[in-house]
Amino acid sequence: MFWPQPGSEPVEWVVEPGLTGYEAAVAEMERRAALIADGLAAERVWLVEHPPLYTAGTSARDEDLVAPERFPVHRSGRGGQFTYHGPGQRVAYVMLDLKRRDPDLRRFVAALEAWLIGTLAAMNIRGERREDRVGVWVRRPDKGEGAEDKIAAIGIRVRRWVSFHGISLNVEPDLGHFDGIVPCGVSDQGMTSLVDLGLPITMPEVDAVLRAQFERIFGPTVLA
């Protein structure tokens, strides 16, 4: 559990329609995180889809950008390396005040992983964490012994103990778009999605599961 202190307001749950530009999203996250830190706004989870793009985290290596001309590349202040965002991928930007919960970054990342793993479990998919790399993975015995694919990524930033950036879950993106980077610096494993695993599901259905599992770990939400 990563619940807030008793008496805290519910977390605002916002689903953005259409595609959201990345730079506009970062600007809005930074604005909202500052308000939360000042006690002027409620915590928020903001669900978006982006147009096709690559983002580079603070640990990104230039050699992991295989096709720099393919999509726009955004240098991001979040942790991690290169990742892809695009249509069919649910991105959830998580703006929580860790002072109201637990100012422990490792525990917070573990809670985000548990959120994703619980979401997958509710859809009968076994997601697993790995000690040597962040994110959520699924075993792929159909691809050979020891094969596994990444289905969800985590990359956060914390300022004044308020988090922003967050998680991404592959619902039905074009998996070929990941070929332009070495995702999260891992070159010996693949990428997958819910639909690639044989689960026909819509984004609103995924959102409902994400919300239910978020509330189990982080506490109540309210539609904003």
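Reply: Let us begin with burial: a residue is buried when its relative accessible area is under 20%, exposed when over 50%, and partly exposed in between, using a 1.4 Å probe and protein chains only. By that rule Arg32, at 8% relative accessibility, counts as buried. Please note that this is a predicted model, in which local features need pLDDT of at least 70, side-chain atom pairs count only at pLDDT 80 or more, and totals for chains, interfaces and linings use all residues. Residues are numbered from 1 along each chain as its sequence is written, and side-chain values use heavy atoms, with hydrogens and water left out.

Me: How many helices and strands does the secondary structure of the protein contain?

Reply: Helices (H or I, at least four residues) and strands (E, at least two) are DSSP runs, numbered from the N terminus. In this protein there are three helices and twelve strands. The radius of gyration is taken over C-alpha atoms, and the globule rule is 2.2 Å times the number of residues to the power 0.38. The protein has a radius of gyration of 17 Å, close to the 17 Å that the rule gives for 224 residues, so it is as compact as a globular protein of that length. Its C-alpha trace spans about 50 × 35 × 35 Å along the principal axes.

Me: What percentage of the residues of the protein count as buried?

Reply: Of the 224 residues, 53% are buried. For the surface, accessible areas come from the Shrake-Rupley method with a 1.4 Å probe, and for residues only the protein chains shown count as cover. The protein exposes about 10,100 Å², of which carbon and sulfur atoms supply 52%. A contact means heavy atoms within 4.5 Å. Among contacts with a separation of 6 or more, residues 24 or more positions apart account for 68%.

Me: How many salt bridges does a search of the whole structure find?

Reply: Side chains of opposite charge can pair when their charged atoms come close. A salt bridge is a side-chain nitrogen of Lys or Arg within 4 Å of a carboxyl oxygen of Asp or Glu. The search of the whole structure gives 22 salt bridges. In one of them, Arg32 pairs with Glu12, their closest N and O atoms being 2.9 Å apart. This pair links distant parts of the chain, with Arg32 in helix α1 (residues 22-37) and Glu12 in strand β1 (residues 11-15), 20 residues apart. Glu12 is buried, at a relative accessible area of 18%.

Me: Where do Arg31 and Glu28 lie?

Reply: Both lie in helix α1, three residues apart, which is about one turn of the helix. Arg31 forms a salt bridge with Glu28, and the closest N and O atoms are 2.8 Å apart. Arg31 is partly exposed at 41% relative accessibility, and Glu28 is partly exposed at 23%.

Me: Is Asp97 buried or exposed?

Reply: Asp97 counts as buried, at 4% relative accessibility. Its salt bridge with Lys99 has closest N and O atoms 3.2 Å apart, and Lys99 is partly exposed with a relative accessible area of 41%. Salt bridges may also be joined: Arg126, Glu128, Arg130, Arg139 and Glu148 are linked in a network.

Me: What is phi of Asn124?

Reply: Asn124 has a positive phi of about 65°, although it is not a glycine. Asn124 lies in the loop between α2 (105-122) and β7 (128-130) and counts as exposed, at 75% relative accessibility. Arg160 also is a residue other than glycine with a positive phi, near 55°. Arg160 lies in the loop between β9 (148-159) and β10 (162-170), where it is partly exposed at 47% relative accessibility.
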